[in-house]
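Okay, thanks for having me, everyone.

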Amino acid sequence: MNLNEWLNEEIPGIAKALEDINKSHFFIEKTIGFAGKETIYKVLYDFRSALFPGVYDKYPIDETRINIIIGNRLRTSALDLKDLIQKVLLNKRAKADCAETRTECYTKADEIVIQLLKLLPDIRQKIQTDIQAAYDGDPAASSTEEILLSYPSVEAISIHRIAHELYKLDVPIIPRIMAEYAHQLTGIDIHPGASIGEYFFIDHGTGVVIGETCTIGRHVKIYQGVTLGAKSFPLDEHGNPIKGIKRHPNIEDHVVIYAGATILGGDTTIGHNSVIGGNIWLTQSVLPYSKVYNSQPSPNIK
């Protein structure tokens, strides 16, 4: 049987099987779909173009029209985001069988977008402290512009600070898609639930993981390959992970965590002004001003 004959005979059955599987799984959950995912990327682009006029634009902008350009970016992103939030709130309402009406979901979406827009100057100021932390913490940095344009840490944290505010406003799905977009771009995986203070810097960045319930203070610097994760996942009576509990560590102010360190547990706190050495495995708290490091290995050199 040649390919054309086989396609005519078999494709309808395969298409029907795939349709049935999607009806049983993906289409039940579908709210914004992959088109909505692309819209989220566009929203992030517009927001960050408003936060840093001219930086994310393909062509130079007219600096005499910056106010108009920022305003247009904000209007476009606000309307796009409102539509997405309406969809995820309506889906959440349908799944939870709650008493919220469609009109209340629409009103809530408006309120969430307004709240986020009001926070943008504060978000911009926090990102500026992150840029400064990178400049102060990296001897190789020659200018803040270099950091803004090329450092994965700033790329990741600028997206995180937007996603985190939506997470705090109890928006489903959208903050996580934003976080995973940053993960794709940079190799830095920050859950939108993680709370991160000002002057935060990830040097190099690749392979960093920061969990949902992690709290990080001000002036914290971490290096590549660091994991701030959970010890284990407590299970309910049905064997499913219990959600909504504190699982990830607390990192206080002025802490440095070197490459490859793994710090686990919701009851683990790294005291302020501590230094955690490279390749450390830590599941217990340490006091402020601690230095934690492995014994010096003794390599054989011939």
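Let me begin with one of the pockets. Three elements, α8 (174-186), β4 (209-210) and β7 (227-229), each put at least two residues into the lining of the second largest pocket. Keep in mind that we're looking at a predicted model. This second largest pocket holds about 180 Å³ of space. It has 14 lining residues, and the closest to its centre are His 191, Val 209, Gly 211, Glu 212 and His 248. By type, that lining splits into five nonpolar, four polar and five charged residues.

Now, the largest pocket. Here we get about 550 Å³. Which residues sit closest to its centre? Out of 19 lining residues, those are Tyr 167, Arg 176, His 191, Glu 212 and Lys 243. The breakdown for this lining is ten nonpolar, three polar and six charged.

Okay, on to the cores. The largest nonpolar core has 43 residues, and the ones touching the most other members are Leu 81, Ile 85, Ile 162, Leu 166, Ile 174 and Met 178. Helices α3 (33-51), α4 (66-96), α5 (102-137), α6 (144-150), α7 (152-168) and α8 each bring at least two residues to this core. The biggest contributor is α5, with eleven.

Take Ile 162 as an example: leaving out residues up to four places away in sequence, Ile 162 touches Leu 44, Phe 47, Arg 48, Leu 51, Leu 116, Ile 123 and Met 178.

And there's a second, separate core, with 27 residues, including Ile 202, Ile 251, Val 255 and Ala 261. That's my tour, thanks!

Conventions
Residues are numbered from 1 along each chain as its sequence is written. This is a predicted model: local features need pLDDT of at least 70, side-chain atom pairs count only at pLDDT 80 or more; totals for chains, interfaces and linings use all residues. Side-chain values use heavy atoms; hydrogens and water are left out. On a 1 Å grid over the protein atoms alone, a cavity is a set of points where a 1.4 Å probe fits but cannot get out, and a pocket is an open set with protein on both sides within 12 Å along at least five of seven lines; lining residues have an atom within 4 Å of a point. Grid points are joined across faces, edges and corners, and a volume is the space filled by probe spheres set on the points. Ala, Val, Leu, Ile, Met, Phe, Trp, Tyr, Cys and Pro count as nonpolar, Asp, Glu, Lys and Arg as charged, and the others, Gly among them, as polar. Helices (H or I, at least four residues) and strands (E, at least two) are DSSP runs, numbered from the N terminus. A nonpolar core is a set of buried Ala, Val, Leu, Ile, Met, Phe, Trp, Tyr and Cys residues joined through side-chain atoms within 4.5 Å. Buried means under 20% relative accessible area, exposed over 50%, partly exposed in between (1.4 Å probe, protein chains only). Contact means heavy atoms within 4.5 Å.
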